[in-house]
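Hi there,

Here is the structure I promised to send over.

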Amino acid sequence: MPAADWFKLSSELEWGESDETYPRLSYNSSTSELFVQCMPTPLHQSISNVINEEFIAAKGSLSRDLRSRTRLSWGVEQNNFRGRWYDSNKQPDMAIEVCDANGTPKMKWVLETRFSETYERLVDDARLWLEGTSEVAMVVLVKYNETPRYRCPVDLSDDSGNKLEELGVPSDRGDIVYEDVCLEEPFGPATYRGLTWVGQITEVFLEIWARGEDGKAVQHGTRQDLLRTAQMHIPFDNIFPHGYFTAITIDSEIFRSELSVEIKKMAGFRCRELVRNYNKKWGLGWEPSD
């Protein structure tokens with residue numbers, strides 16, 4: 001999509017004039033691509049939760065003055081890009097701002113996670129932040145791979161209007177609960193009422209990207225396999241004020257435990273979405289009881 005069309009669309013939608021967080025619209029003017037992102041899946045939370053908790057724990061040993069010089073943020077839209085990314089809009093999944101000597105907060109560190117999108121789009125995100133801004137110094141990329149790729153196990157084209165009843169799936173979304181979801185293995189597949197709602201998560205990898213001497217985004221270090229490595233290492237090279245920690249190391253087992261929980265949550269989420277769409281499609285008009 002050309003930048004002119006993006007401006008027209010965002011104007012017609014009055015984008016940026018609402019406090020609504022989702023769906024997100026992100027525009028990359030370097031690739032002329034527009035992306036629509038709905039609510040993050042539960043799987044997105046599995047990595048951001050553990051990084052957030054470890055970061056806050058590490059800050060606990062610092063003085064109050066030092067603690068006040070960094071802050072975490074989630075999903076805050078940015079539009080201060082430069083060069084061929086000048087017309088871009090992007091919300092990081094998670095970011096760390098660092099206050100300079102004058103107390104001005106500057107975004108220095110960004111986390112981007114992808115589940116259904118491609119690895120190539122993740123790399124485009126890294127280039128956007130590292131080459132399209134002068135402030136962001138490091139981008140962490142996390143990619144989840146689900147096998148097989150998800151396809152809804154219920155055919156919405158069924159014309160009987162009672163498919164859910166035949167499958168034993170409740171019409172009341174509130175009856176679809178975490179406790180009834182089954183994990184066949186620690187990382188899936190996850191089933192509910194005999195239907196598969198999440199495939200096996202066969203890979204979760206983490207990469208660190210930074211700005212090279214030529215100003216281009218480059219991978220820093222090697223890719224970390226979070227399903228098999230013992231520890232997750234996240235450096236903060238030259239990002240934080242003097243006196244701060246230079247990295248955090250997370251027990252990967254904590255992440256894997258969190259991942260198993262979020263897989264079950266995602267299965268329930270997908271099933272409830274199916275029920276809502278099915279009832280709406282067939283005009284079943286089901287309303288929750290008091």
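In the hairpin of strand 4 and strand 5, there are five residues between the strands, and Gly103 among the hairpin residues takes a positive phi near 85°. Strands here are DSSP runs of E with at least two residues, helices are runs of H or I with at least four residues, and both are numbered from the N terminus. Before you go further: this is a predicted model, where local features need pLDDT of at least 70 and side-chain atom pairs count only at pLDDT 80 or more, while totals for chains, interfaces and linings use all residues. Residues are numbered from 1 along each chain as its sequence is written, and side-chain values use heavy atoms, with hydrogens and water left out.

Strand 4 and strand 5 pair in the antiparallel sense over six bridges (two strands pair if DSSP finds at least two bridges between them). Glu97 stands opposite Met107 in strand 5. Strand 5 also pairs with strand 6 (residues 138–147), in the parallel sense and over six bridges. There, Val110 has Val139 of strand 6 as its bridge partner. Is strand 5 enclosed or open? Seven of the 10 residues of strand 5 (residues 105–114) are buried, so the strand is largely enclosed by the rest of the structure. Buried means under 20% relative accessible area, exposed means over 50%, and partly exposed is in between (1.4 Å probe, protein chains only).

There's also an open sheet of three strands, in the order 7-8-9 with antiparallel pairing. Strand 7 (182–183) and strand 9 (195–198) are at the edges with a single partner strand each, so one side of each has no neighbour in the sheet. Strand 8 and strand 9 pair over three bridges, in the antiparallel sense. Take a look at Thr191, which is found in strand 8 (residues 190–192) and stands opposite Thr196 in strand 9. Thr191 counts as buried at 11% relative accessibility. Leaving aside neighbours within four places in sequence, Thr191 is in contact (heavy atoms within 4.5 Å) with Asp180, Val181, Cys182, Glu184, Thr196 and Trp197.

Next, the helix I'd pick out. Helix 2 (residues 42–59) has 18 residues and reaches 26 Å from its first C-alpha to its last, close to the 26 Å expected at 1.5 Å a residue (the expected span is 1.5 Å times one less than the number of residues). Where is helix 2 kinked? The kink, of about 25°, is centred on Ser48; the bend at a residue is the angle between axes fitted to the seven residues ending there and the seven starting there. Ser48 is one of the buried residues of helix 2, which also include Leu43, Ile47 and Phe55.

Finally, the rings. A search of the whole structure finds 13 aromatic pairs: rings of Phe, Tyr and Trp (its six-membered ring) pair if their centres lie within 6.5 Å, with planes under 30 degrees apart counted as stacked, over 60 as edge-to-face and the rest as tilted. The rings of Phe81 and Trp129 have centres 5.4 Å apart and planes at 55°, so this pair is tilted. Phe81 lies in the loop between strand 3 (70–73) and strand 4 (94–99), and Trp129 in helix 4 (residues 119–131), 48 residues apart. Ring pairs also link Phe55, Trp109, Phe236, Phe240, Tyr244 and Phe245 into a cluster.

Cheers!
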